[in-house]
Amino acid sequence: MFVFDITKLVELIIIIIALVILALIFFVSTIKEKIIEKRESFKMKKNRKIAIKILDKFEELLEEKNITIPNDDREGEQDEACIYGSDYYDLEDAIVEILDNNNT
């Protein structure tokens with residue numbers, strides 16, 4: 001004869017519910033992390049675009065004033081920008097860093 005133990009069934013159900021809850025917590029935290037990563041990535045791209053726009057304005061001003069900032073990266077081409085090479089990228093990175101720090 002088959003004896004049915006209700007306490008063992010209840011224990012099993014509790015274990016299954018606990019495992020499901022843990023799986024849901026893990027799933028939700030993983031999704032949350034991905035959302036945060038995407039938000040940070042979007043913010044970084046947005047700040048990079050803003051930095052480039054700021055540098056474009058400085059380029060326009062320097063061009064109007066006929067000012068070229070010397071840089072060892074220059075190759076002597078006629079169409080080289082007023083801010084060139086490593087100077088440009090160092091400024092761009094510095095502006096992005098300022099924007100990143102101000103938006104947190």
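This is a predicted model: local features need pLDDT of at least 70, side-chain atom pairs count only at pLDDT 80 or more; totals for chains, interfaces and linings use all residues.
User: How many salt bridges does the structure hold?
Analyst: A salt bridge is counted when a side-chain nitrogen of Lys or Arg lies within 4 Å of a carboxyl oxygen of Asp or Glu. By this criterion, the number of salt bridges in the structure is 4.

User: How far apart are the closest N and O atoms of arginine 48 and glutamate 92?
Analyst: Arginine 48 belongs to helix α1, residues 6-64, and glutamate 92 to helix α2, residues 85-102, so their pairing ties together parts that are 44 residues apart in sequence. The two residues form a salt bridge, and the distance between their closest N and O atoms is 3.0 Å.

User: Is glutamate 92 buried or exposed?
Analyst: A residue is classed as buried when its relative accessible area is under 20%. Glutamate 92 has a relative accessible area of 7%. Because this value falls under the cut-off of 20%, glutamate 92 is classed as buried.

User: Which helix holds aspartate 93, a partner of arginine 48?
Analyst: Arginine 48 also forms a salt bridge with aspartate 93, with the closest N and O atoms 2.8 Å apart. This pair links distant parts of the chain, 45 residues apart: arginine 48 lies in helix α1, and aspartate 93 lies in helix α2.

User: Which residue meets arginine 74 in a salt bridge?
Analyst: Arginine 74 is partly exposed, with a relative accessible area of 21%. The side chains meet at 3.4 Å, N to O, and the partner of arginine 74 is glutamate 80.

User: Where is aspartate 73 found?
Analyst: Aspartate 73 counts as partly exposed, at 37% relative accessibility. On the surface, aspartate 73 gathers with Asp72, Glu75, Glu77 and Asp79 in a patch of negative charge. Its place in the chain is the loop between α1 and α2.

How values were computed: Residues are numbered from 1 along each chain as its sequence is written. Side-chain values use heavy atoms; hydrogens and water are left out. Helices (H or I, at least four residues) and strands (E, at least two) are DSSP runs, numbered from the N terminus. Buried means under 20% relative accessible area, exposed over 50%, partly exposed in between (1.4 Å probe, protein chains only). Patches are made of residues with over 30% relative accessible area and no salt bridge: like charges are joined within 9 Å, nonpolar side chains (Val, Leu, Ile, Met, Phe, Trp, Tyr) within 5 Å. Accessible areas come from the Shrake-Rupley method with a 1.4 Å probe; for residues, only the protein chains shown count as cover. Lys and Arg count as positive and Asp and Glu as negative; His and the chain ends are not counted. The place of a charge is taken as NZ of Lys, CZ of Arg, CG of Asp or CD of Glu.
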